[in-house]
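Student: Could you take me through the aromatic rings of this model, with a close look at how they come together?

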Amino acid sequence: MSDTRLFRSLRIYNYRVWTAGALVSNIGTWMQRVAQDWLVLTVLTDHNASAVGITMALQFGPQLLLLLLPFTGYAADRFDRRRLIMLTQALLGLLALGLGLVTITGVVTLWQVYAFALGLGCVTAFDGPARQVFVNDLVGERYLANAVALNSTSFNSARMIGPAVAGILIAAIGTGWVFLINAGSFAAVLGSLFLLRTGELYTSLKPGRRAGGLLEGFRYVWRRPDLKAMMVMLFLIGTFGFNFPIYISTMSVSIFHGGADQYGVLTSALAIGSVGGSLMAARREQPKMRLLAVSTLAFGVFCAFAGAAPNVVVFAAMLTLTGFTALTFNTASNALMQLTTDPAMRGRVMALRMAVIMGGTPLGAPIVGWLADHAGPRWAMMVAAASGLIAAAVAARLILQQRRRQSSVD
């Protein structure tokens, strides 16, 4: 019998504990993201969107480094994921602490922000795949799709709360204290990891150290047309569509002439839609490729409407719809990839997924930032719209190919 209850994964003790700690930490992380972008855009530069793009490139670039990529997924498959996440979360907390200290003491410079962004990126390259696969360790395959969707709900609830709080705190006490608050929030997720019942984890068998193990993830994806299509879609959306800090900050400052509070509210508007998209996904037991096609098509359309918005109210409304479609695609593709991948390969496949969707940012963010500076933020948002439309075409092509193969078999 199918179980379509919205919060069914929360019946599991380990998942409840993990979700509570992760929510607190995610709120702090989103507060830091907003504060970091605001620090670069308005304090360390004179509204230079290219500098924000470079910061994003350094923060997400390590996801794409060929020197790190094979090891990040292999680490998630080979080592104790709980202990690995403890290490990465502790390091991320220390980096937030360091950035906060140099900021509140008034010695922060742009190159220091770049250095901390690069450090965050290197640690996240190992943290991300392990956290993605750890969801299966918490709930097992039966509840995996639901747990992935609820994770997205938690993450985007934090995206809704964090930026709004950050906007208020930046105006009241400054960006440095926001970084320090984020550093303290990592205690919540570390505490939740300590409280887990390790005997109840659904830990899969770890692969041996056989020859070619580091590159096996590439070969596995290459042999799967469905995974290849999803990777192409993720590259398009991740490289040119998910540069929301640039789109929102430049539209808010340059087009609608707002301050830190407006920027925080607009980021939260995006998150409201994201929460809605992830909650809708939580009801599905297993998503289909058709859902990816529809969600990316809608993402492109709403990005275009947002870029053409005549005022900030319409822009906020379009951001909410954009967030809904973006998270529908992101959550559905995550669950579909994990459910259709050999458990022994999930860490490496998810590392490739993260490399594509987040590592593409270093390629797209400087381009989008340059376009926002020279052609205007509205034209930059049209690039995001195009990425969604092309991704939908990729999904439609795969669906047609699968139908033709099925027809030939029948």
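Tutor: Phe242, Phe244, Tyr247 and Phe299 are linked into a cluster by ring pairs; rings of Phe, Tyr and Trp (its six-membered ring) pair if their centres lie within 6.5 Å, and planes under 30 degrees apart count as stacked, over 60 as edge-to-face and the rest as tilted. This is a predicted model, where local features need pLDDT of at least 70, side-chain atom pairs count only at pLDDT 80 or more, and totals for chains, interfaces and linings use all residues. Residues are numbered from 1 along each chain as its sequence is written, and side-chain values use heavy atoms, with hydrogens and water left out.

The structure holds seven aromatic pairs. One of them joins phenylalanine 242 and phenylalanine 299 edge-to-face, at 5.9 Å centre to centre with 85° between the planes. Because phenylalanine 242 sits in the loop between α9 (225-241) and α10 (244-255) while phenylalanine 299 belongs to helix α12 (residues 289-307), this pair ties together parts that are 57 residues apart in sequence. Helices here are DSSP runs (H or I, at least four residues), numbered from the N terminus. Phenylalanine 299 is buried, at a relative accessible area of 2%; buried means under 20% relative accessible area, with a 1.4 Å probe and protein chains only.

Rings also meet charges. Arginine 197 lies over the face of tyrosine 13, 3.7 Å from the ring centre, and arginine 33 lies over the face of tryptophan 30, at 4.6 Å from the ring centre. A charge counts as over a ring if NZ of Lys or CZ of Arg is within 6 Å of the ring centre and within 35 degrees of the ring normal.

Notes. Helices (H or I, at least four residues) and strands (E, at least two) are DSSP runs, numbered from the N terminus. Buried means under 20% relative accessible area, exposed over 50%, partly exposed in between (1.4 Å probe, protein chains only).
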